[in-house]
Amino acid sequence: MAEIIKRTIKGEPFWETFRNWYQQRNTWQTEKTVCVLRGLTGCGKTTFLRHYFRERKAFYFTFSGLEEGLAERLFAERVSAETGVVVSDWAEAIRVISTKYRVILLDDVASISSYKRFQKAFYENMITDISTRPFVALIAQPPDDVTGLADAYDTNWLDYFSIPEVMKLYPQLSKYDTLGLCTVSGGIAWIMREFDMALNFEDNVRKMLEPSSMFIRFMPELLARYFRKSDNYHRILHAIASGNHSVSEIGKFTSFAYNKCDNYLAKLIVCGLVKAGKAESKRGTEKTAYVLTNSYVRAWYNYVFLHQTELRIGSEELIESIVRGIVDKEIHAFHLQRAFVCANERVRESWASLEIGRTIVRAPKVVRAKNFRYTFDAIERSGDKAVFIKVFENPTENCGRVELEKLRKAVAMVNTYYDSRVFIFSKRRFSDYAVAEAARDDVISPVEVDRLRG
């Protein structure tokens with residue numbers, strides 16, 4: 001799938017890294033520099049790079065699962081076969097490919113990068129002339145250590161597929177079903193590949209709950225790859241998925257000492273499965289809150305982790321309960337999360353005069369007057385200005401004339417209308433009326449699914 005759309009790279013665009021090498025800019029001009037493409041298992045790093053260089057002569061080799069002796073022999077054999085030059089050890093092989101190829105892609109190099117003979121051969125023979133050196137890209141997992149191979153590393157990050165990317169991959173899906181697919185797959189290519197376009201969304205979820213599906217297998221395989229003893233990390237992730245976000249809450253849920261929780265959380269953050277943010281405590285002070293970075297991880301721990309035995313025997317009652325939970329709860333929870341990320345970005349980018357010192361978080365507020373009642377997912381005020389966020393829960397809601405009139409009335413009851421900004425989010429296309437009205441109204445910003453990132 002990754003070969004048919006342009007992928008999003010975190011930080012500096014990958015093409016800029018490649019141009020720095022080509023034009024000998026920054027560290028590429030003076031130091032032994034290599035590119036590192038990092039990303040979690042299943043995000044499509046290898047496919048992305050091989051497709052990116054599909055029209056160039058590129059050397060690719062993976063060291064996955066190889067110990068040093070076997071890796072050296074197989075690498076030398078591959079270099080000999082590809083170049084016609086017989087080589088027998090690390091130094092000879094690396095020297096030859098560095099002169100025969102302008103693009104070199106090495107996958108899972110962390111499995112052998114700590115071996116001194118490989119380090120020495122790579123450092124001394126891969127880049128011997130700054131002006132003619134090849135472009136070397138190391139494909140790595142987030143926790144992989146590739147130090148000792150070069151003087152400088154130009155690092156790019158590839159995430160799982162974003163919502164706009166999934167929409168490009170599946171243009172025939174409705175926006176609501178795309179949101180659902182992103183929710184249950186987390187944008188992980190290996191899971192999305194099993195999505196059957198001939199089935200409706202709920203039947204696809206039922207199929208994902210089969211024991212052999214990648215939806216069931218991916219999470220245990222991921223942790224087993226990153227951690228020698230993964231059981232404790234499963235418990236930490238389960239605690240966060242269950243709504244425990246502070247170290248004290250996680251410690252009570254798991255019965256781990258707080259210092260152990262800190263250690264586990266630090267490693268999960270390095271791997272990209274957890275991130276630390278700030279939340280307001282009941283006393284009004286800021287505290288560190290740990291959240292999951294991927295909706296698939298949340299869904300797996302909420303619906304699969306404690307029920308693997310029942311799913312293996314195919315409990316129909318459990319399967320239907322999970323399907324309903326995903327359809328009725330998880331999709332909207334994911335939509336809310338992405339909506340607030342988007343709204344905060346819009347506030348920072350387009351309405352800088354609203355000086356809010358913290359991130360706007362979901363805090364539902366009801367506006368009332370006699371028989372009138374309207375609920376927003378958040379209202380944030382600063383001086384005479386205010387931001388309103390409304391995320392429609394029902395997938396059929398698209399903000400028609402009556403809904404928009406109620407929304408405007410509710411805003412005006414709280415703040416001067418034109419000193420306000422309103423972000424509304426729908427799981428489907430907005431009504432033509434709402435789109436036309438928003439085009440004439442600087443206050444209202446309708447945001448559809450394809451405008452959400454992540």
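Contact here means heavy atoms within 4.5 Å, and that is the sense in which the buried residues of helix α19 pack against α18 (401–414) and β14 (444–447). Welcome to a short tour of a predicted model, in which local features need pLDDT of at least 70, side-chain atom pairs count only at pLDDT 80 or more, and totals for chains, interfaces and linings use all residues. Residues are numbered from 1 along each chain as its sequence is written, and side-chain values use heavy atoms, with hydrogens and water left out. Helices (H or I, at least four residues) and strands (E, at least two) are DSSP runs, numbered from the N terminus.

- Helix α19 spans residues 432–439, and its buried residues are A434, E437 and A438. Buried means under 20% relative accessible area, exposed over 50%, and partly exposed in between (1.4 Å probe, protein chains only).
- An α-helix has 3.6 residues a turn, so residues three or four places apart point the same way.
- On the face turned away from the buried side, α19 carries the exposed residues D432 and A439.

**Helices α4 and α5**

- The axes of α4 (residues 68–83) and α5 (residues 90–100) come within 9 Å and cross at roughly 35 degrees. Axes are lines fitted to C-alpha atoms, for helices over the stretch in contact, and angles run from 0 to 180 degrees between N-to-C directions.
- The crossing of α4 past α5 is left-handed, a term used if the near helix is turned anticlockwise from the far one by less than a right angle (right-handed if clockwise).
- On the α4 side the contact is made by E68, A71, E72, F75, A76, V79 and T83, and on the α5 side by W90, A93, I94, V96, I97 and K100.
- By type, the residues of this contact divide into 9 nonpolar, 1 polar and 3 charged. Ala, Val, Leu, Ile, Met, Phe, Trp, Tyr, Cys and Pro count as nonpolar, Asp, Glu, Lys and Arg as charged, and the others, Gly among them, as polar.

**Salt bridges**

- The whole structure holds 24 salt bridges, each a side-chain nitrogen of Lys or Arg within 4 Å of a carboxyl oxygen of Asp or Glu.
- E16 and R25 form one at 2.4 Å, N to O; E16 is buried at 15% relative accessibility, while R25 is partly exposed at 27%.
- R225 and D108 meet at 2.6 Å, N to O. This pair links distant parts of the chain, 117 residues apart: R225 sits in helix α11 (residues 214–226) and D108 in the loop between β4 (103–107) and α6 (116–125). R225 is partly exposed at 42%, and D108 is buried at 14%.
- K120 and E124 pair at 3.2 Å, N to O, and both lie in helix α6, 4 residues apart, about one turn of the helix. K120 is exposed at 51%, whereas E124 is partly exposed at 42%.
- Salt bridges with shared partners join E202, D203, R206, E320, R324 and D328 into one network.

**The loop residue D151**

- D151 lies in the loop between β5 (135–140) and β6 (152–158) and is partly exposed, at 42% relative accessibility.
- Leaving aside neighbours within four places in sequence, D151 is in contact with E31, K32 and Y123.
- D151 and Y123 are 28 residues apart in sequence and 8.7 Å apart in space, C-alpha to C-alpha.
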